[in-house]
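Open the model in your viewer and keep the sequence panel beside it. We will go from the whole chain down to a single side chain.

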Amino acid sequence: KLNNVIFYDKKIGINLKVKELKIISTWKSLLKFDPNFKSIQLDSPVLNIFKKEFSKREVILIKTQSFSDQNKISSFIKKFNKVSVNNGIVKFNYLNKLNVLESLELNLLNNIEFMKFKISFNHVGYKSFISIKGETKEFKKITYSINQLFENKNEVFGSGEITLGPKETKFSGKIISERLNVFEISQLLSNLKILKKKNIYHAQLSSSKLMSDFDLIIDEVDLNKFVLNNLNLKILSLDNEILFKDIQANFLKTLFKGDALYKLDKKKLQGKLSIFDFLVDKSFMGDTKLDLTDAYFDCDVVFTLDNKKKTKSLSEKFKSSGKCDSYNAMLVGVNVEEISTRIDNIQTFQDFFNLFDKRNLQGKTKIESINFKFKIYDNLLKIEQLEAMQNNVKIVSSGRYSLNSEKLNFSNDIFIKTNKFNNLPSFNILVNGTIDDYKVNYNFDKIKSAILSDG
């Protein structure tokens with residue numbers, strides 16, 4: 001038993017202070033100068049891993065771990081029957097940022113057949129608690145289970161295997177969570193930095209490839225404004241690519257399906273998404289004078305998330321485009337059927353003037369089909385080529401909405417066929433302003449002239 005033990009090695013860059021160190025070994029092994037440690041226990045150790053200056057340009061030389069290195073590690077660990085660390089602290093700098101692991105607990109048990117280990121710690125900077133359990137034979141295959149807790153409320157469970165080989169190292173398993181808030185986790189991890197590739201040089205060329213194969217299952221994904229349910233996908237990775245395959249999730253009665261690929265070197269996520277039965281109703285559009293309701297859309301979307309784009313806003317790094325279709329919707333704010341009937345029944349000038357009184361236009365119009373194309377970029381939603389059809393009605397719309405300023409500008413041309421007039425020009429409804437303060441303007445000039453000239 002030793003108290004206040006200090007181990008300092010400038011060459012490898014560590015400074016270890018242990019309040020109490022307990023070591024149990026056999027005299028026979030000590031006399032043969034081949035120590036066989038029965039157990040080693042470290043109480044309240046503090047490990048500082050300090051930065052070593054490699055060059056003025058901070059060039060970092062990394063010796064890639066080989067399979068022979070794994071064998072050496074395995075042989076070294078087998079010298080200990082039991083290793084325990086209680087209430088440890090680890091401090092290290094990562095790209096000029098101090099990382100602190102507190103409340104570190106480690107228990108390792110060795111016998112002839114297998115090795116078991118359990119480690120847990122708090123990562124202070126990222127408010128994350130991590131607990132890992134594992135078991136292995138000969139360090140060729142490690143079975144593990146992991147529990148990670150973010151902000152004491154976003155919890156992730158995982159289990160699987162790590163297969164270690166001379167040519168590849170593969171991580172596989174299943175990751176499960178009851179509920180995750182994406183924005184809380186992304187804010188915690190936003191300070192994570194990746195070593196710049198141009199400053200990293202491998203001192204040993206031969207290395208095993210890293211691969212992963214995970215099933216991810218999350219009951220609820222909180223995106224602040226809405227919640228996704230039953231998220232399922234497969235995560236496959238190799239070298240610089242991560243594939244998110246067979247993505248499936250629900251939002252109320254809406255089903256999402258898709259695939260995406262993230263390239264680590266380009267920091268870019270690209271994918272495709274299919275959306276089924278996305279409901280647009282009064283609650284979705286808000287309290288507006290002209291909107292759609294009871295519309296179920298099916299959409300095909302392609303999207304890109306570019307992390308190399310220099311902006312703090314995640315939404316500004318995102319862009320997408322796609323097309324959507326819907327059948328049997330309702331247009332609220334204008335009754336086109338009533339307008340059509342009034343046009344056919346004009347008999348006096350007073351009927352004509354009453355026809356274009358905005359108070360007589362209010363109501364609902366049934367729409368048989370809607371299709372449109374859209375783009376999202378730089379926090380701007382742009383609607384292109386929207387067409388809504390009904391037996392005697394055609395609506396052509398286009399416009400844009402700014403997610404930053406909440407300003408909108410939409411133009412709607414409405415074409416009507418009546419029993420008496422089969423080829424009338426359109427009248428226009430223009431909506432502009434903000435979500436909370438907007439104006440609706442009507443332009444009947446063309447259709448007025450046509451009715452007067454034909455009537």
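## Whole chain first

Colour by pLDDT. This is a predicted model, and the chain averages a pLDDT of 81. A score of at least 70 is reached by 82% of the residues.

Switch to cartoon. Seven helices and 26 strands make up the secondary structure of the chain.

Now show the surface. The accessible surface of the chain is about 28,800 Å². Carbon and sulfur atoms hold 54% of that area. Of the 455 residues, 34% count as buried.

Take the contacts with a separation of 6 or more: 45% of them link residues 24 or more positions apart.

## Two stretches to treat with care

Select residues 53-64. Here pLDDT stays under 50. The model has 25 contacts beyond four places in sequence for residues 53-64.

Move to residues 191-206. pLDDT stays under 50 over this stretch too. For residues 191-206, the model has 31 contacts beyond four places in sequence. Where pLDDT is low, predicted coordinates should not be read in detail.

## Zoom in: Asn 147

Select residues 141-150. This is strand 9, and Asn 147 lies in it.

Key:
Residues numbered from 1 in each chain as written. Predicted model: local features only at pLDDT ≥ 70, side-chain atom pairs only at ≥ 80, totals over all residues. Heavy atoms only, no water. pLDDT = per-residue confidence, 0-100. Contact = heavy atoms within 4.5 Å. Helix = DSSP H or I, 4+ residues; strand = E, 2+ residues; numbered from the N terminus. Buried < 20%, exposed > 50% of the residue type's maximum accessible area, 1.4 Å probe, protein only. Areas by Shrake-Rupley, 256 points an atom, 1.4 Å probe, with all protein chains shown as cover.
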